[in-house]
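Have the viewer open as you read.

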Amino acid sequence: MGKIAKLITELEKIKDMPSAADKDPSLRYVRCISVNKAYPRIPGKCRRCGKELTGRRTAWCSNACTVDALIRCNHTKATYYIRVRDKGICSICGTDTKSTKTPGRRRSWEVDHKVPVAEGGGHCSLDNLRTACIPCHKIVTKELAFRRRKK
Ligand SMILES: [Zn+2]
Ligand SMILES: [Zn+2]
């Protein structure tokens, strides 16, 4: 297993650990926030899980805690891990987007929030994120707009 794949397994184990959004539910409606703001330094303890730090660690107890916090706070970071996990396969229709890449576009997929940020799916673990090909992403975005209009 590659290093990143292994880390994704570690992230899976801590995905249900309370996050900054449990303290401040408004974070669930925000796409990106500074990690320093969401997880400020706690002297001697892990910024993410609060565990006592050992050895030369000064802010985070593990790689998993660092990356979990970064993914929740930063969409670009999340995109990187979703690329490794899903390998460009659309989670909705199963298309391999490597074969549908259009010239001039960096990639033909987007990261989609299963529960949209507008509906409280922000500050999420990888669990709420999936690869969507451009056509599928357009459809789910339209559906969301429709739901929002009806309210
Ligand atoms: Zn930790
Ligand atoms: Zn699709």
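## Ground rules

Helices (H or I, at least four residues) and strands (E, at least two) are DSSP runs, numbered from the N terminus. This is a predicted model, where local features need pLDDT of at least 70, side-chain atom pairs count only at pLDDT 80 or more, and totals for chains, interfaces and linings use all residues. Residues are numbered from 1 along each chain as its sequence is written, while chains are lettered from A and ligands numbered from 1 in the order in which they are written.

## Overall layout

The protein chain has 6 helices and 2 strands, and along the sequence they follow the pattern α-α-α-α-α-β-β-α. The C-alpha trace spans about 50 × 45 × 25 Å along its principal axes.

Burial here is a neighbor count: a residue is buried if 20 or more other C-beta atoms lie within 10 Å of its own, exposed if 12 or fewer, and partly exposed in between, with C-beta atoms placed from the backbone. By that count, 23% of the 151 residues in the protein chain are buried. Contacts use those backbone-placed C-beta atoms too, and two residues are in contact if theirs lie within 7 Å. Of the contacts between residues at least 6 apart in sequence, 57% join residues at least 24 apart.

Which residues of α4 are buried? They are Ala64, Cys65, Val67, Asp68, Ala69, Ile71, Arg72 and Cys73. With 8 of its 11 residues buried, α4 is largely enclosed by the rest of the structure. The cover over those buried residues includes α1, α3 (35-38) and α5.

Helix α6 is another story: it is hardly covered, with a count of 1 buried residue among its 17.

Two packed helices are described by the angle between their axes and the distance between the axes. Axes are lines fitted to C-alpha atoms, for helices over the stretch in contact, and angles run from 0 to 180 degrees between N-to-C directions. Angles under 35 degrees count as roughly parallel, over 145 as roughly antiparallel, 65 to 115 as roughly perpendicular and the rest as oblique.

The axes of α1 (residues 3-14) and α4 (residues 63-73) come within 9 Å and cross at roughly 75 degrees, so the two helices are roughly perpendicular to each other. Leu7, Glu10, Leu11 and Ile14 of α1 meet Asn63, Ala64, Val67 and Asp68 of α4. By class, that contact has 5 nonpolar, 1 polar and 2 charged residues. (Ala, Val, Leu, Ile, Met, Phe, Trp, Tyr, Cys and Pro count as nonpolar, Asp, Glu, Lys and Arg as charged, and the others, Gly among them, as polar.)

Against α5, the α1 axis sits 10 Å away at an angle of about 105 degrees, which makes this pair roughly perpendicular. Here Ile4, Ala5 and Ile8 of α1 meet Tyr81, Val84 and Arg85 of α5. The residues of this contact divide into 5 nonpolar, no polar and 1 charged.

## The cores

A nonpolar core is a set of buried Ala, Val, Leu, Ile, Met, Phe, Trp, Tyr and Cys residues joined through C-beta atoms within 7 Å. The largest one has 18 residues, and Ala38 and Leu126 have the most contacts inside it. Elements giving two or more residues to this core are α4 and α5, and the largest share, 6 residues, comes from α4. Apart from it lies another core, of 5 residues, among them Cys90, Trp109, Cys133 and Cys136.

Not counting residues up to four places away in sequence, Leu126 touches Ile8, Leu11, Ile71, Tyr81, Ile82 and Arg85. With the same exclusion, Ala78 touches Ile71, Val111 and Leu129. Ala78 sits in α5 (residues 75-86) and is buried, with 23 other C-beta atoms within 10 Å. Ala78 and Val111 are 33 residues apart in sequence and 8.3 Å apart in space, C-alpha to C-alpha.

## Positive phi

Lys87, in the loop between α5 and β1 (109-113), has a phi near 55 degrees, a positive value in a residue other than glycine. Is Lys87 buried or exposed? Lys87 is exposed, with 11 other C-beta atoms within 10 Å.

His123 has a positive phi of about 50 degrees although it is not a glycine, and lies in the loop between β1 and β2 (129-133). His123 is buried, with 26 other C-beta atoms within 10 Å.
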